[in-house]
Amino acid sequence: MPELKRLHAGHAPAVLAFELANRAYFAASISDRGDEFFDQFTDRHSALLAEQEAGICAFYVLVAEDGSVLGRFNLYDLEDGTAALGYRVARHVAGRGVATATVRELCRLAAARHGLRTLRAATARDNAASQKVLAKAGFAPVGPADPADLGGKPGNWYERDLEAQPCEVPPS
């Protein structure tokens, strides 16, 4: 059974493999990270860990039993009980409820481990899969997102009040 784990230095090879294996799949719905991301992956991974250590962000990976990464789930811009959520799952597990279940679990962790009260997530209007995940995980649309936040695409912000909604993981 896959396990949601806090990102650490030892995850670097599996995260890079995940990003490379799914690059074209991700680029079809969200902005491509670009060659520079891959060329400077080690430095970028270290920078993420430093941000996490500073309490600015909290990064998680969904790890399969074989140690491969099935998804990345990030809380960023943690401030005043609020954070933004970003996530991506591997193509071979997409459409199977993995993202929804893991976002629900991250909502629980956001409240319990990080003391957050509100999570926000932006998604492009043409990313129906992400909108469905957010709705199933208890997020509601709250207004338009700046296209700069979505690689130039129009989209919307979604929000979940972690205090008003219980953090149990409901059935799909």
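**Charged pairs and a helix**

Reader: In this predicted model, is Glu-51 buried, partly exposed or exposed?
Author: The relative accessible area of Glu-51 is 27%. Because buried requires under 20% and exposed requires over 50%, a value of 27% makes Glu-51 partly exposed.

Reader: How far apart are the closest N and O atoms of Glu-105 and Arg-108?
Author: Both residues lie in helix 5, three residues apart, which is about one turn of the helix. Glu-105 is partly exposed at 23%, and Arg-108 is partly exposed at 32%. The two form a salt bridge, and the distance between their closest N and O atoms is 2.7 Å.

Reader: What distance separates the end C-alpha atoms of helix 5, and what span should its residues give?
Author: Helix 5 covers residues 98–112, so its 15 residues, at 1.5 Å a residue, should span 21 Å. The distance between its end C-alpha atoms agrees with that expectation, being 21 Å.

Reader: Which helices are linked by the salt bridge between Arg-23 and Asp-35?
Author: The side chains of Arg-23 and Asp-35 meet at 3.0 Å, N to O. The pair joins distant parts of the chain, twelve residues apart, with Arg-23 in helix 2 and Asp-35 in helix 3.

Note on methods: Residues are numbered from 1 along each chain as its sequence is written. This is a predicted model: local features need pLDDT of at least 70, side-chain atom pairs count only at pLDDT 80 or more; totals for chains, interfaces and linings use all residues. Side-chain values use heavy atoms; hydrogens and water are left out. Helices (H or I, at least four residues) and strands (E, at least two) are DSSP runs, numbered from the N terminus. The expected span of a helix is 1.5 Å times one less than its number of residues. A salt bridge is a side-chain nitrogen of Lys or Arg within 4 Å of a carboxyl oxygen of Asp or Glu. Buried means under 20% relative accessible area, exposed over 50%, partly exposed in between (1.4 Å probe, protein chains only).
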